[in-house]
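Here are some notes for reading this model alongside its sequence. Please keep the structure in view while going through the points.

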There are 2 protein chains.
Amino acid sequence: MSITYPGGFRAAGVAAGLKSTGKPDVALVTNDGPLHNAAAVFTSNRVAAAPVLWSRQVVSDGRVDAVVLNSGGANACTGHEGFQNTHHTAEATADLLGVSATDVLVCSTGLIGEQLPMERLLAGVADAAGSLGRGGGPTAAEAIMTTDTVAKEARYPATADSASEGYSIGGMAKGAGMLAPGLATMLVVLTTDAALDAAALDAALREATRVSFDRTDADGCMSTNDTVVLLASGAAGIAPDQAQFTAALTEVCLDLAAQLIHDAEGASHTIAVTTLNAASERDAEVVSRAVARSNLFKTAIFGNDPNWGRVLAAVGTTDAVFEPDRLNVSMNGVQICRNGGIGESRDLVDLTGHDVTVEIDLAAGTDAATIWTNDLTHEYVHENSAYSS
Amino acid sequence: MSITYPGGFRAAGVAAGLKSTGKPDVALVTNDGPLHNAAAVFTSNRVAAAPVLWSRQVVSDGRVDAVVLNSGGANACTGHEGFQNTHHTAEATADLLGVSATDVLVCSTGLIGEQLPMERLLAGVADAAGSLGRGGGPTAAEAIMTTDTVAKEARYPATADSASEGYSIGGMAKGAGMLAPGLATMLVVLTTDAALDAAALDAALREATRVSFDRTDADGCMSTNDTVVLLASGAAGIAPDQAQFTAALTEVCLDLAAQLIHDAEGASHTIAVTTLNAASERDAEVVSRAVARSNLFKTAIFGNDPNWGRVLAAVGTTDAVFEPDRLNVSMNGVQICRNGGIGESRDLVDLTGHDVTVEIDLAAGTDAATIWTNDLTHEYVHENSAYSS
């Protein structure tokens, strides 16, 4: 179920006292090979955290031996001292594992603008290195949680009985896109025992994240720390077909993305906004995202109100190809807006369940895309106004 | 204080039963000349309401004799029938006033996706035409309110004792940018007794709205009905200098914009986000807007939390010219972020008052711009989740 499901990986999660709750807060993942190939994608935020600046360099040669992660502090906007702290963490980890610091990826999550308590962090890293094991995945997933209410893990094949191609993929994630308080970051570690080189991993990872995490938009806020890393050990001795591997990796990423949105802070509805019959996939994504980012739409869903006027108002802000009088909108299968005007009765739409589907028909082509989001609730306002004070 | 302050204008506001509360909901403004020059700006939302489609045509020749406005229904996404209803309203108004329907501007505000109750509306228009008077401005301002808690009016010169150039400007407004529930629209009517032709009015209006209403961003949601119209009667017999008139008009627009944000739904803080030392005015506006639209920033301010990390995370999403390690951020005068890192103590920032100033120094040039917004509160979620259900 976890990142230690594929062969060649060990992991650990320990409590180092970074979190005031005393829960696990330092995780370590090692790739024991035989291969040590890796790829990663990072936040496009220009205010990037120290561990992101460091890790971009680490992964640039396609080799990663270990990933060290901490919750309880983002190490973002912490200047030269913050970068030195990341460097120091990588070196300490490398010394413990007998690898090079330049092959140790670092991820941090928590409040922006505070220095990490290095003494406690380094003691935790030593503790984690001593606890590494083939069964350590679940504890590692727990150690990267911030306000997540459950740990998020996924695997391929999905069950022990599922058909596979002789290799496996494991994954863990934390956060809820950019929704978590303090911009507390989405961190994802993916592992596979397939034998793929860094370029193949990079291509598969970019395609898988494009249609999964990149389409998960909880509150439109981009983190300074987002990192998704994919490690390949080659322990299965299988070199899979690139397209098949990409599809399997995408499946794992979609599973983790769904778990993130489902656990989004304060959310009472998970909303899939799908745009259909668009002139391009880009148009479909732009329209779905505009709706998913509308606070008025999101508060209406919180109120179980099928307010399609707020959907059309958001669609109208985009440059996608459409004619206003040809737009159709359905919520949970009821077409409440037809040809840009009044369709079926709002009263037919039941929004009391957790899952909501919104379908916007642009009548302009054949492409489609879905953005996953959640509603805007009192709980969201409460958690995000009370976080750091 | 109102739109009837300048010479040449009469107005009225009446209760026609469009609002369930029985409060005034139909307003009428007439320009008795001698000039009947006008300019207007409208929402750029591609899903535009019927009255916007109609009024764009009306103002295209630079002449407007009357403006008829209703609350209690936006007449947006109402198809052919909705457009016919707007046309019918203009014709009925024109007949009552003895003018041409093509010189009658129409504005509507309220819920999207419902037809207006035409019988009540037309009875209200007749009632308003019979009630027109030189003292009618305040009642007209009341009749366009939706969830506004106070009517918004402004004038130039600001007081009877202020220096002026021999002419005056009056204005009324409703809504709070795009924040009002149901996207209930910003409507603004401005009047002047100065003698200016339509082209001069248009140039002055575009410049004044660019730095006032266009920089008022309550919740990032663009309405289907926004309209700002400026009418000139020439009754003062004064042809002012264009630059002086633009400055006076901008002053009135800034006054109304400040009133809109101050009355924004559910807001507990009014926030001025100013970006300084930008490479261009456009950069400054883009950065201020990115911060003003960050839900995480807005919830932090609601919690009286000077969370500058959320400011930097929003700045980092823009393409403005800056170096992350040269950014400074001050809140209410305390520089809590210096050179992209930790500055003065957060504890020095007092956010308990209603007004909050955020200053972002890009250290990249000499330009500046302010966006006015408000915090994201429980009241906002409550009012917007409960509006139409």
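**Notes on the domain interface**

1. Between domain 1 of chain A and domain 2 of chain A, the count is 1 salt bridge, a term that stands for a side-chain nitrogen of Lys or Arg within 4 Å of a carboxyl oxygen of Asp or Glu. The side chains of Arg210(A) and Glu281(A) meet in a salt bridge, with 3.3 Å from N to O.

2. This is a predicted model, in which local features need pLDDT of at least 70 and side-chain atom pairs count only at pLDDT 80 or more, while totals for chains, interfaces and linings use all residues. Residues are numbered from 1 along each chain as its sequence is written, chains are lettered from A and ligands numbered from 1 in the order in which they are written, and side-chain values use heavy atoms, with hydrogens and water left out.

3. The domain assignment of chain A gives domain 1 as 9-262 and domain 2 as 270-385, such bounds coming from an automatic or database assignment. Taken over C-alpha atoms, the centres of the two domains are separated by 32 Å.

4. In domain 1 of chain A, 16 residues are in contact with 16 residues of domain 2 of chain A, where contact means heavy atoms within 4.5 Å.

5. About 1,400 Å² is buried between domain 1 of chain A and domain 2 of chain A, and carbon and sulfur atoms give 43% of this area; buried area is the accessible area (1.4 Å probe) that two parts lose on being put together, summed over both. On the side of domain 1 of chain A, Arg215(A), Asp217(A) and Ile261(A) lose the most area to domain 2 of chain A, together 48% of what that side buries.
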